[in-house]
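These are my notebook entries on a structure that I looked up. I begin with the ligand and then turn to the sheets and the loops.

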Amino acid sequence: MTIEEKIGQMNQLDPSWNAEEKEALIREGRVGSVFNIVGAKEVNRLQRMAVEETRLGIPLIAARDVIHGFNTIYPIPLAQGATWNPALVEQAARLTAREAYGAGIRWAFSPMVDVAHDPRWGRVAEGYGEDTYLASVMAAAVVRGYQNDQMVNGKMQKCLAACVKHFAGYSASEGGRDYNTTWIPETQLRDVYLPPFKAALDAGAMSVMCSFNDLNGLPSSANPHLNIDILRHEWGSDALLVSDWGSGSDLVPHGLVADKKEAALRCINARMEMDMQGNIYTDYLQQLLEEGKVKESQIDECVRSILRMKYRLGLFDHPYVPEDQPMVYSSRELAVVTRTAEESAVLLKNDGVLPLSVSKTLHDQTLHDQMVNILICGPLADQPKEQLGTWVFDGLPERSVTPLMAFSEWADSINDMSPLAPNRPPVTLLYEPGLTYSRDRNREGIARAVAAARKADIILYFCGEEAILSGEARCRADLDLPGSQCEMMDALAATGKPVVMIVMAGRPLTIGAQAEQAAAVLYALHGGTMAGTALCRLLTGRAVPSGKTTMTFPKMVGQIPLYYNRHNTGRPSYDPPMLIDSIPIGCPQFSIGQSSYWLETPTEPLYPFGYGLSYTTFEYGEPEMEQTQDTLFVSCAVTNTGRYDAYEVVQLYTRQLSGDLVRPLKELKGFEKVFIPAGETRTVRFDLNRGQLGYWHEQKRDCESRVWFATDPAEYEIWVAPDSRCTTHSVRFSIEK
Ligand code: GLC
């Protein structure tokens with residue numbers, strides 16, 4: 001390869017604009033990958049330029065932001081995490097890969113695994129929440145789904161290369177402001193932010209994407225500690241490292257370098273291997289080589305990485321994708337989309353009003369308490385596009401089933417069957433959005449919704465955020481329901497009719513006051529194409545909620561950052577508050593459920609991590625434990641004490657009670673989503689090895705074994721619990737030297 005051809009491989013361009021100029025570069029062999037080109041025919045057209053018109057015929061990789069589905073959209077990743085069902089998330093990724101492959105896409109810029117503690121940050125929607133362990137499990141599931149089941153003769157066929165991002169620490173942006181500075185001590189980088197990347201790479205992720213943030217003053221694209229010390233030397237990864245969009249050229253506004261030529265030097269010295277849309281390698285790398293500032297061997301190791309990924313994808317054997325085989329979801333595959341939306345919805349409150357019907361099947365739906373006049377209202381009740389959520393370039397809103405559509409079909413179905421149940425009055429659906437979009441401040445429609453509510457037996461209020469309010473560069477300074485949605489809730493509640501609040505958003509919102517007014521709260525986040533069908537099935541009792549939160553819900557923004565696995569501090573908040581308490585001034589009084597309470601402590605959330613109700617109830621027995629030198633065997637009997645067969649997410653938490661460093665109050669170390677029929681008991685077992693209790697010890701670095709985590713000999717506590725409050729019995733154990 002000539003130097004020009006080598007540098008060409010390191011260049012990734014978006015030819016969806018300035019196409020002529022970029023296609024000329026492809027023909028000259030000076031582009032290694034394109035992104036944002038969709039459609040097998042169009043991708044093949046550009047691929048022919050690379051394969052048939054250049055000297056070496058090296059194929060391009062076509063990439064796209066395939067984040068939670070392609071044409072058919074799954075719940076946003078924050079919601080998929082709330083399923084706590086990695087097998088389901090893996091299946092969603094597998095079907096996504098097939099649909100994207102049919103459109104010529106071979107490289108997805110996901111999973112995004114940034115562990116997030118600040119819901120003001122718009123990109124919490126794209127990740128799996130605040131917990132490192134849960135994010136690690138989900139990251140690996142997505143990689144397996146994208147890549148691993150289409151291996152043929154050691155090469156990927158019909159699959160999507162995963163790209164784990166953003167490496168690293170992006171979600172710690174100060175103030176939840178996107179692209180902002182991050183200050184992350186090594187112990188926190190190692191224990192909190194890096195493990196999900198390692199989990200994705202261990203699952204076979206073929207690429208990694210740099211992040212926009214400066215990490216302790218050094219932007220990731222030019223950070224040898226991240227990109228060489230850790231990624232290459234410690235982890236031994238040979239995955240391709242691609243910049244984020246222009247994150248290499250961003251070194252100039254960062255103030256790290258004076259110009260783009262120096263940016264190119266700093267990036268190649270930090271082994272950023274492919275430059276997404278930054279043009280710094282094509283513009284300056286050859287000059288730097290001629291000036292002796294860059295060695296050709298540095299370029300070679302980047303190009304080798306790129307060619308290796310193309311080889312693994314089978315692109316040299318099969319550079320073109322079939323143009324007559326678009327993947328169309330069958331009803332069986334759509335059922336996976338619906339199931340994912342069902343399992344991602346979290347029931348936060350229910351005074352007994354849900355489910356609307358006590359029967360589990362459609363044909364004998366008998367609405368209890370004669371709730372036959374149902375008002376469907378709210379700005380998210382019939383929004384095919386908004387319910388898809390953020391990062392949806394190729395999602396088809398015309399495929400969406402909205403809540404209004406689903407309930408209309410449901411009402412028609414059971415009314416059609418009225419001859420089967422002559423004494424059952426027909427269901428009447430009323431529809432008044434009240435507000436036309438989530439930020440709507442025109443309150444005229446609220447009066448119409450209230451008038452309709454007076455004729456209804458029950459109100460289903462679909463509220464939340466438009467899709468545009470979350471995602472990249474979509475941070476919010478407050479987390480209240482936007483627009484006049486709170487006022488609409490006030491008006492609906494004032495009618496005295498029971499209000500079921502269904503929230504479709506891209507993040508946790510401070511909905512405490514509204515939740516107090518509601519009879520029930522179902523937090524669905526943005527549930528994707530089949531959100532309406534899923535919510536209708538859950539609300540009418542044909543499915544039972546099983547989701548659990550993946551981020552702590554603050555009562556108010558002033559509490560942020562607020563997350564479950566925090567440190568206790570030397571002056572933990574007392575209940576009731578003491579004079580020396582760190583309680584933030586001005587915290588409002590809320591009464592959620594039966595008891596009123598002040599913000600007893602600054603750390604008391606609205607809803608905790610791992611929390612979610614069911615239509616049934618579960619009872620946890622005493623955990624039993626056996627211990628060998630290296631492993632803990634923990635088991636716990638969980639009984640379904642209610643009337644609905646249901647899934648429960650059984651969670652395992654530990655706490656280290658002393659050590660070389662202060663350790664978190666609790667840490668999720670395992671979970672299992674288990675189906676338990678009504679009245680029955682299941683015993684859930686966890687095996688926990690001592691290494692999983694380890695954490696980063698600067699002073700105990702053991703370079704030989706390349707394992708720089710160590711487990712302190714100490715006293716520990718362990719819970720098997722339904723959520724991070726760990727109100728169940730705990731067991732103590734010791735780890736010896
Ligand atoms: C964006 C995002 C990144 C995305 C890339 C390509 O700026 O930060 O997540 O994959 O550019 O669109």
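This is a predicted model: local features need pLDDT of at least 70, side-chain atom pairs count only at pLDDT 80 or more; totals for chains, interfaces and linings use all residues.

Entry 1: Residues are numbered from 1 along each chain as its sequence is written, and side-chain values use heavy atoms, with hydrogens and water left out.

Which side chains place a polar atom 2.8 Å from an oxygen atom of the ligand? I found R123 and K165. For H166, a polar side-chain atom lies 2.7 Å from an oxygen atom of the ligand. I also noted the area of the ligand: taken alone, the ligand exposes 310 Å², and the protein buries 95% of that. Such accessible areas come from the Shrake-Rupley method with a 1.4 Å probe.

Entry 2: I took helices (H or I, at least four residues) and strands (E, at least two) as DSSP runs, numbered from the N terminus. Two strands pair if DSSP finds at least two bridges between them. Strands of a sheet pair through backbone hydrogen bonds, either parallel or antiparallel.

Three strands form an open sheet in the order β7-β8-β11, with parallel pairing. Its edge strands are β7 (163-167) and β11 (240-242), each pairing on one side only. Neighbouring strands of this sheet are turned by 25° against each other on average, direction ignored. Axes here are lines fitted to C-alpha atoms, for helices over the stretch in contact, and angles run from 0 to 180 degrees between N-to-C directions.

Three bridges link β7 to β8 (residues 207-210) in the parallel sense, and V164 stands opposite V208 in β8. Helix α8 (residues 195-202) packs on the sheet and touches β7 and β8, contact meaning heavy atoms within 4.5 Å. The direction of α8 makes about 160° with that of β7.

**Entry 3: a sheet of six strands.** I read the order of this open sheet as β13-β18-β17-β16-β14-β15, with mixed pairing. Its edge strands, each pairing on one side only, are β13 (346-350) and β15 (428-432). Neighbouring strands are turned by 15° against each other on average, direction ignored.

How many bridges join β16 (residues 458-464) to β17 (residues 499-504)? I found six, and the two strands run parallel. The bridge partner of I459 is V499 in β17.

Helix α16 (residues 444-455) lies across β14 (373-377), β15 and β16, at about 165° to β15. Helix α17 (residues 485-494) lies across β14, β15, β16 and β17, at about 170° to β16.

**Entry 4: loops.** A cis peptide bond joins S110 and P111, with omega about 10°; P111 lies in the loop between β4 (107-108) and α6 (132-147). The peptide bond from I560 to P561 is cis, with omega near 5°, and P561 sits in the loop between α19 (531-539) and β19 (590-592).

Notes:
A polar contact is a pair of N or O atoms within 3.5 Å; within protein, one must be able to donate a hydrogen and the other to accept it, and residues adjacent in sequence count only if both atoms are side-chain atoms.
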